[in-house]
Amino acid sequence: MDSTATTPFSTLIRTASHEQHTEAESSTFMGDMLGGRLGVEAYTRYTEQLWFVYRALEDGAQSLREDPVAGPFIQPELMRAGELERDLTHLRGEGWREGLEPLPATAAYAARVAECAREWPAGYIAHHYTRYLGDLSGGQIIRGTAEKTWGFDRKGDGVRFYVFEQIPNPAAFKRDYRELLDAVNADDLEKQRVMDECKRAFALNTAVFRELGEVFPLSA
Ligand code: HEM
């Protein structure tokens, strides 16, 4: 029997993106950052890129609140743009936004998120899943490294993006989130398209890491 019909969608989407996850995880930039080999400027540039992506995700979320497919995923406790703005104020100062431009890969990523939000709510879910479930998982490893490497206060300014104040139990939240995925009202073909979009979301992240890696080649 077609496994799409029998396997929970949360399992399908995780399995479908497994290879891309490994690729993103093992990108040179991520490896250098998590290995403590990069300076705070690299971390700041990365945080700036995230701001463009979350602005697209969360601007898009506004119009999707009532959407029958994407609506249930729009949860205020996930919203990150405000936290990124606080982190950037800490990292760069009040004028952090002046002259700030996304890297080309970031602009392409944000544009695709915005396009899905406008035209394809199920596709938007792929982007929502890729970022927020990742932030609740591996994001916590990045936070720990950032605190240790660049001396941010534990869960304080500079790493607030990774701190979900209103999600005291991430494991339980992720369980509920997977139930939402399993309940998505879409046929097998549409689910397949969402899985493909998820792979694309990972590839868009990897492209941002690649460009950041070009800006911050490891000199050590
Ligand atoms: C070096 C960086 C990374 C590390 C160390 C890491 C680590 C992890 C770990 C340990 C989990 C499993 C958590 C669990 O089962 O509860 C996970 C899940 C996940 N990660 Fe990552 N990750 C990294 C990068 C990324 C990136 C760049 C993305 C995408 C932008 C991402 C997206 C996800 C997603 C969507 C999940 C949830 C999978 C699921 O259970 O459905 N991760 N990550």
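Throughout these legends, a contact means heavy atoms within 4.5 Å of one another. The model shown is predicted, so local features need pLDDT of at least 70 and side-chain atom pairs count only at pLDDT 80 or more, while totals for chains, interfaces and linings use all residues. Residues are numbered from 1 along each chain as its sequence is written, and side-chain values use heavy atoms, with hydrogens and water left out.

View A. Glutamine 75 sits in the loop between helix 5 and helix 6 (81-92); helices (H or I, at least four residues) are DSSP runs numbered from the N terminus, as are strands (E, at least two). Its relative accessibility is 15%, and glutamine 75 therefore counts as buried (buried is under 20% relative accessible area, exposed over 50%, and partly exposed in between, with a 1.4 Å probe and protein chains only). When neighbours within four places in sequence are left aside, glutamine 75 contacts Phe173, Tyr177 and Leu180.

**View B. Packing of helix 8 against helix 10.** Helix 8 (residues 121-135) and helix 10 (residues 170-182) pack at an angle of about 165°, and their axes lie 12 Å apart. Axes are lines fitted to C-alpha atoms, for helices over the stretch in contact, and angles run from 0 to 180 degrees between N-to-C directions. Helix 8 is therefore roughly antiparallel to helix 10 (angles over 145 degrees count as roughly antiparallel, under 35 as roughly parallel, 65 to 115 as roughly perpendicular, and the rest as oblique). The crossing of helix 8 past helix 10 is left-handed, a term used if the near helix is turned anticlockwise from the far one by less than a right angle, and right-handed if clockwise. Ile125, His128, Tyr129 and Leu133 of helix 8 meet Lys174, Tyr177 and Leu181 of helix 10. By class, this contact of helix 8 with helix 10 has five nonpolar, one polar and one charged residues (Ala, Val, Leu, Ile, Met, Phe, Trp, Tyr, Cys and Pro count as nonpolar, Asp, Glu, Lys and Arg as charged, and the others, Gly among them, as polar).

View C. The axes of helix 5 (residues 40-64) and helix 8 come within 11 Å and cross at roughly 135°, so helix 5 and helix 8 are oblique to each other. Their crossing is left-handed. Residues of helix 5 in the contact include Tyr46, Leu50 and Val53, and those of helix 8 include Tyr124, His127 and Arg131. The contact of helix 5 with helix 8 comprises ten nonpolar, two polar and three charged residues. Valine 53 belongs to helix 5 and is buried, at a relative accessible area of 3%. Beyond its neighbours within four places in sequence, valine 53 is in contact with Thr106, Tyr109 and Arg131. The C-alpha atoms of valine 53 and histidine 127 are 9.9 Å apart, although 74 residues separate them along the chain.

View D. Arginine 14 is part of helix 2 (residues 9-16) and, at 42% relative accessibility, counts as partly exposed. Arginine 14 and tyrosine 129 are 115 residues apart in sequence, yet 9.7 Å apart from C-alpha to C-alpha. Not counting residues up to four places away in sequence, arginine 14 touches Tyr129 and Arg178.

**View E. The iron atom of the ligand and histidine 21.** The only protein donor of the iron atom is His21 (NE2), at 2.1 Å; donors are N, O and S atoms within 2.8 Å of the metal (3.2 Å for Na, K and Ca), and water is not among the atoms, so sites may look incomplete. Histidine 21 lies in helix 3 (residues 18-25).
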